[in-house]
Amino acid sequence: MGKYVLRCLECGLRVADAYTNKCPRGHDGLLRSEYSCELSLRKLGGIWKFWDWLPSTEKPFVNSDAMPATYKSEGLARELRLRNLYVSFNGFWPERGAFVETCTFKEYEAIATFQRAYETTSRILVVASAGNTARGFAQVSASCGMPVVCVVPEKALRRLWATKEPSHVVLVAVRGDYPDAIRVAASICDACPHLFVSEGGFRNVARRDALGVVLLDAVFRMHVFPTHYFQAVGSGTGAIGVFEQATRLLNESKNMRGMPRLHLAQNLPFAPMFRAWKARRSKIIPEDTADAEIRIRQMYADVLSNKNPPYALKGGVYEILRATHGEMYGITNEEAKSAQKLFESVEGIDIDPAAAVAVAALIQAVERGVIRKEDTVLLNISGGGYKRLNESHLTCLLCKMDATIRALEIEEIVKELQECIKGHTQRATEAGETLNI
Ligand SMILES: [Zn+2]
């Protein structure tokens with residue numbers, strides 16, 4: 001076997017990766033990457049330090065310093081009376097060694113996905129996003145030169161920015177919300193399958209393995225497995241990635257203590273996985289996502305809204321919660337806001353609303369006595385350092401790009417996209433640039 005294969009969690013079939021995101025036999029369960037090598041730390045930049053357990057067989061050409069910074073908390077730890085609280089900071093905080101210029105751990109997904117696509121397909125990636133993922137892909141596209149089509153809800157346009165001119169990004173703005181963006185992205189790929197490929201979302205192993213680096217980095221810094229792991233979830237892709245990397249590490253290392261207990265948090269009033277889990281259901285039912293539009297508008301951390309998260313399927317959130325005796329938390333806007341303030345005041349760095357939801361969950365768990373003083377806790381701050389970044393960078397707004405497409409029919413969109421990409425390739429050739437397709 002080569003460096004890695006993909007295994008269907010439902011039927012066990014192993015397949016070579018041809019940017020494969022679903023079992024060829026049509027199963028709904030996730031594909032998981034299986035690596036033949038043990039993990040040794042590589043002398044490579046950013047998340048590539050963990051190249052052994054990322055889906056890439058070649059020398060990484062997507063260069064980036066973005067990776068988690070794990071440190072032992074003093075301020076928040078004192079506040080919550082915890083002796084072994086560790087923070088995995090994923091954002092921009094140079095003083096702590098965190099250089100994620102989009103200020104969110106979504107950037108890791110983009111780094112690993114571009115590399116995977118570069119090695120396994122000649123098609124152009126199409127990404128549907130509510131905002132943060134598109135920012136991650138735009139930023140990485142700007143530095144690696146690979147084109148990408150980002151499909152986002154129109155209302156998310158004002159939130160799209162990067163710290164480098166994202167000249168290889170084609171933006172499609174959709175009137176509607178995130179599920180509409182997903183639908184349009186899928187239609188683009190269906191209409192022109194020889195040119196475009198869906199990036200894959202939670203089914204994309206590059207995304208999950210890259211987000212799981214949070215756990216790998218933490219274990220190498222802490223020298224033990226955390227007993228508890230806290231994260232805010234919208235789809236749960238990151239939590240599944242953490243579980244999968246923890247499983248690999250446990251299989252390999254006999255000295256480590258057991259699997260961390262997963263504590264996952266959603267933002268009320270739209271929290272379908274929290275509702276399903278609290279009712280001890282293995283499936284999300286329509287009541288869990290009732291009045292979605294109204295509820296999503298009320299959320300403080302609306303990047304956590306996802307009507308169809310990978311909860312019930314094989315390898316999904318329900319299964320990983322069961323496997324780790326995990327827990328879910330429903331966090332109100334007020335709780336998130338006050339946790340956000342507290343974190344900034346005691347740790348000295350700003351965090352985004354989603355990360356604040358994770359902090360609030362930790363506070364709840366401590367108050368309920370779920371965690372003991374001496375327990376080892378890992379808190380995933382999945383985004384932060386926006387204020388810190390603004391002090392040192394000029395950011396470019398993506399929505400100022402000429403290439404933004406606002407057509408109504410898929411055929412029209414695809415035609416425009418083809419023109420866009422043709423023009424783009426031409427301009428790049430004239431400018432003497434090499435496009436990495
Ligand atoms: Zn299968």
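Modeller: Y386 counts as partly exposed because its relative accessibility is 22%, given that buried means under 20% relative accessible area, exposed over 50%, and partly exposed in between (1.4 Å probe, protein chains only). W161, at a relative accessible area of 14%, is buried. This is a predicted model, in which local features need pLDDT of at least 70 and side-chain atom pairs count only at pLDDT 80 or more, while totals for chains, interfaces and linings use all residues. Residues are numbered from 1 along each chain as its sequence is written, and side-chain values use heavy atoms, with hydrogens and water left out.

Rings of Phe, Tyr and Trp (its six-membered ring) pair if their centres lie within 6.5 Å, and planes under 30 degrees apart count as stacked, over 60 as edge-to-face and the rest as tilted. By this rule there are 10 aromatic pairs. One of them joins F89 and W93, edge-to-face, with 5.0 Å from centre to centre and 70° between the planes, and both F89 and W93 are buried. The pair of W161 and Y386 is also edge-to-face, because its ring centres are 6.3 Å apart and its planes stand at 80°. This pair links distant parts of the chain, 225 residues apart, since W161 lies in strand 10 (residues 161–162) and Y386 in helix 13 (residues 386–392); helices (H or I, at least four residues) and strands (E, at least two) are DSSP runs, numbered from the N terminus. Ring pairs also gather Y71, F89 and W93 into a cluster.

In soluble globular proteins, nonpolar side chains tend to be buried together. A nonpolar core is a set of buried Ala, Val, Leu, Ile, Met, Phe, Trp, Tyr and Cys residues joined through side-chain atoms within 4.5 Å. The largest such core has 81 residues, and I47 and F114 have the most contacts inside it. Helix 6 (residues 213–222) gives the most to this core, with 7 residues. Leaving out residues up to four places away in sequence, and taking contact to mean heavy atoms within 4.5 Å, I47 touches L54, A66, M67, Y108, I111, A112, A210 and V213.

From its first C-alpha to its last, helix 12 reaches 21 Å, close to the 21 Å expected at 1.5 Å a residue, where the expected span is 1.5 Å times one less than the number of residues. After helix 12 comes G369, whose phi is positive, near 75°.

The sheets complete the picture. Two strands pair if DSSP finds at least two bridges between them. An open sheet of 6 strands, with mixed pairing, has the order 4-5-16-13-14-15. Its edge strands, strand 4 (69–72) and strand 15 (327–331), each pair on one side only. Neighbouring strands in this sheet are turned by 20° against each other on average, direction ignored; axes are lines fitted to C-alpha atoms, for helices over the stretch in contact, and angles run from 0 to 180 degrees between N-to-C directions. Strand 13 (residues 228–232) and strand 14 (residues 261–267) pair in the parallel sense over 5 bridges, and Y229 stands opposite L262 in strand 14. Helix 7 (residues 237–252) packs on the sheet, touching strand 13 and strand 14, and its direction makes about 175° with that of strand 14. Helix 11 (residues 333–347) packs on the sheet too, at about 100° to the direction of strand 15, and touches strand 4, strand 5 (84–89), strand 14, strand 15 and strand 16 (376–381).

Another open sheet has 3 strands in the order 2-1-3, with antiparallel pairing. Strand 2 (14–15) and strand 3 (31–35) stand at its edges with a single partner strand each, so one side of each is left without a neighbour in the sheet. Strand 1 (residues 4–8) is joined to strand 3 by 5 bridges, and R7 stands opposite R32 in strand 3.
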